[in-house]
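Student: I would like to learn how to read a protein model. Could you take me through one, feature by feature?

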Amino acid sequence: MKRTAVLGAVALSIAALTMATGASVSASSAGGDRALERFRQQPVGWTACRDVSLTASGTRCARITVPLDYARPDGRTIEVAISRITSSDPAKRRGILQTNPGGPGVRGLGMPRDLRRVMSPGVAAAYDVIGMDTRGLGESAPADCGLDRSSWLLYAPGADRAGFDESVRLTREDARRCWDEQADLLPYLSTRNIARDVDLVRSVLGEAKTSWFGHSYGAALGSTYAQMFPQRVDRLVLDSSPAPAENPLRTVRRTGPANERALDDFARWAAPRDGEYGLGATPAAVRAGVETTVERARHAPIRIGGHRLSDHELPLLLYVSVGDDTANPAFAGLLRILVEAADGKPVTVPPWLQGTLDLLFASVGSDRAADYAGQLGIVCADAAMPSDPEHYWRAVQRSRASQPVFGPMTHAPLPCAFWQEQPRESLTRIDNEVPALQVQATGDSRTTYESGLQMHRAMRASRLVTVPVRAHTIYGHYPNDCVEETVNTYLLHGTLPGRDIVCAAPNSP
């Protein structure tokens with residue numbers, strides 16, 4: 001399987017949100033500008049990063065003080081952690097490129113290092129690349145709620161009402177625990193406030209404008225920043241965009257049918273290889289085998305890698321593993337391991353699978369559990385969700401026929417349904433003419449191609465690069481020379497393609 005870190009990002013990429021221009025004090029108002037001046041004048045002390053591997057890569061880290069509540073900038077403050085890899089040739093430097101790896105809930109301090117690996121030499125010379133752990137996450141005032149399980153986001157309700165009721169109980173408990181632990185922080189973790197943090201970092205670094213690169217939720221954050229601060233945008237790259245102004249509940253529900261299609265696509269690949277993997281000689285047989293494995297886990301949980309996978313946990317493992325067509329052989333190997341473990345046979349768990357299991361089902365107190373809590377805070381600060389459990393039960397039941405593997409999981413309630421406070425700001429309608437380069441895969445099972453088309457229409461001056469593959473996030477994650485050349489050319493020269501294009505690279509499956 002591809003990088004465990006990438007699978008972690010995929011697991012976290014459940015809700016990519018845009019937000020509002022409305023209710024509270026605007027950071028771009030004259031009064032807001034004056035109130036923020038003391039923050040803009042703060043010095044930046046670049047030091048070695050806590051993560052020694054980042055420091056070894058040439059990354060340096062710093063902390064920036066920001067208002068907890070931008071409507072009351074004279075009140076409580078928090079620190080956000082940022083990182084930087086400087087231009088490889090200061091004589092050719094044009095500015096900064098701020099970044100976000102997705103989620104929400106993926107730490108961002110390592111993204112400058114990751115992007116530099118695929119940047120052309122010219123782009124590496126043109127920018128200081130800036131990363132950030134967004135507020136509530138990592139080293140930026142982490143919202144660690146002490147959750148018992150880090151995989152709250154997609155706990156499948158299983159096959160019956162008893163399992164659904166248990167999922168509701170756990171979800172209520174997660175919401176209660178987070179409010180008990182972090183009530184003074186959670187209301188301020190909105191994407192809108194994160195966009196304000198992004199702009200404050202730009203100002204503190206002494207830049208009149210900023211360029212932006214965002215994967216998934218990072219694309220939503222970039223489009224939001226462009227809507228809020230259009231005059232501050234230089235070059236904007238949105239990779240794997242969600243639909244604009246969409247409640248995250250709808251975003252999650254879109255992934256149900258999208259992942260069923262991904263499973264069908266995999267089944268078409270696996271059927272001709274039945275002799276190698278033994279998963280079935282027809283696509284229908286491959287799919288039936290997956291559904292049978294989930295049913296077997298319902299009656300006798302499958303134990304692999306020190307973890308116990310029932311029909312509540314197994315769909316999440318399948319969900320994060322089926323989304324990339326370059327990982328078809330590894331996913332086929334995973335299915336073989338599951339069948340053999342269910343049969344009671346000894347299995348060897350490869351390192352990528354052990355890492356994924358540990359990542360998804362981390363225990364309380366782990367870094368990953370804390371990151372999931374931060375993600376929960378962002379999602380629930382951005383949009384309200386129905387609070388009636390029967391709403392979700394009906395949605396789960398409706399999904400079963402057409403989405404037998406992933407429907408119940410993606411239609412179950414999120415803890416936001418039982419949040420103690422409504423979002424302080426509303427979702428925003430993205431509608432602007434800020435130039436942008438957008439990259440979207442047709443088989444994306446997280447931020448669907450249809451969602452990306454909606455973002456393309458909302459960002460009216462954007463150009464769309466379509467990639468006909470099954471993948472989520474392309475630049476730097478999926479091998480495609482055409483995408484890399486198009487993104488690098490735009491970042492270096494600022495020239496968008498004359499029209500929307502399709503990047504069907506020769507090395508695509």
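**Reading the chain and its charged side chains**

Tutor: Start with contacts, meaning heavy atoms within 4.5 Å. In the protein chain, residues 24 or more positions apart account for 78% of the contacts with a separation of 6 or more. This is a predicted model, where local features need pLDDT of at least 70 and side-chain atom pairs count only at pLDDT 80 or more, while totals for chains, interfaces and linings use all residues. Residues are numbered from 1 along each chain as its sequence is written, and side-chain values use heavy atoms, with hydrogens and water left out.

Student: How many helices and strands does the protein chain have?

Tutor: Both are DSSP runs numbered from the N terminus: helices are H or I with at least four residues, strands are E with at least two. The protein chain has 19 helices and 11 strands. Its radius of gyration, taken over C-alpha atoms, is compared with a globule rule of 2.2 Å times the number of residues to the power 0.38. The value is 22 Å, close to the 23 Å that the rule gives for 509 residues, so the chain is as compact as a globular protein of that length. The C-alpha trace spans about 65 × 50 × 40 Å along its principal axes.

Student: What share of the residues is buried?

Tutor: Buried means under 20% relative accessible area, exposed means over 50%, and partly exposed is in between (1.4 Å probe, protein chains only). Of the 509 residues in the protein chain, 61% are buried.

Student: Where is R38, and what is R38 in contact with?

Tutor: R38 sits in helix 2, residues 30-40. R38 counts as partly exposed because its relative accessibility is 46%. Apart from neighbours within four places in sequence, R38 is in contact with P73, D74, G75 and T77. A polar atom of the R38 side chain lies 2.8 Å from the backbone oxygen of P73.

Student: How do I read a salt bridge?

Tutor: Side chains of opposite charge can pair when their charged atoms come close. A salt bridge is a side-chain nitrogen of Lys or Arg within 4 Å of a carboxyl oxygen of Asp or Glu. The whole structure holds 37 salt bridges. One of them joins D165 and R161, at 2.8 Å from N to O. Both residues lie in helix 6 (residues 161-182), 4 residues apart, about one turn of the helix.

Student: Which residue forms a salt bridge with R176?

Tutor: The partner is E173, with the closest N and O atoms 2.4 Å apart. R176 and E173 are 3 residues apart in helix 6, so about one helical turn separates them. R176 is partly exposed at 36% relative accessibility, and E173 is partly exposed at 24%. E173, R176, R177 and D180 are linked in a network of salt bridges.

Student: What is the nearest side chain of opposite charge to R446?

Tutor: Lys and Arg count as positive, Asp and Glu as negative; His and the chain ends are not counted. For R446 the nearest side chain of opposite charge is D444, 6.2 Å away. R446 is buried yet has no salt bridge. R446 lies in the loop between strand 9 (436-441) and helix 18 (449-458). Its side chain reaches the backbone oxygen of Y319 at 2.2 Å.

Definitions and conventions: Polar contact = N/O pair within 3.5 Å; in protein donor to acceptor, adjacent residues only side chain to side chain.
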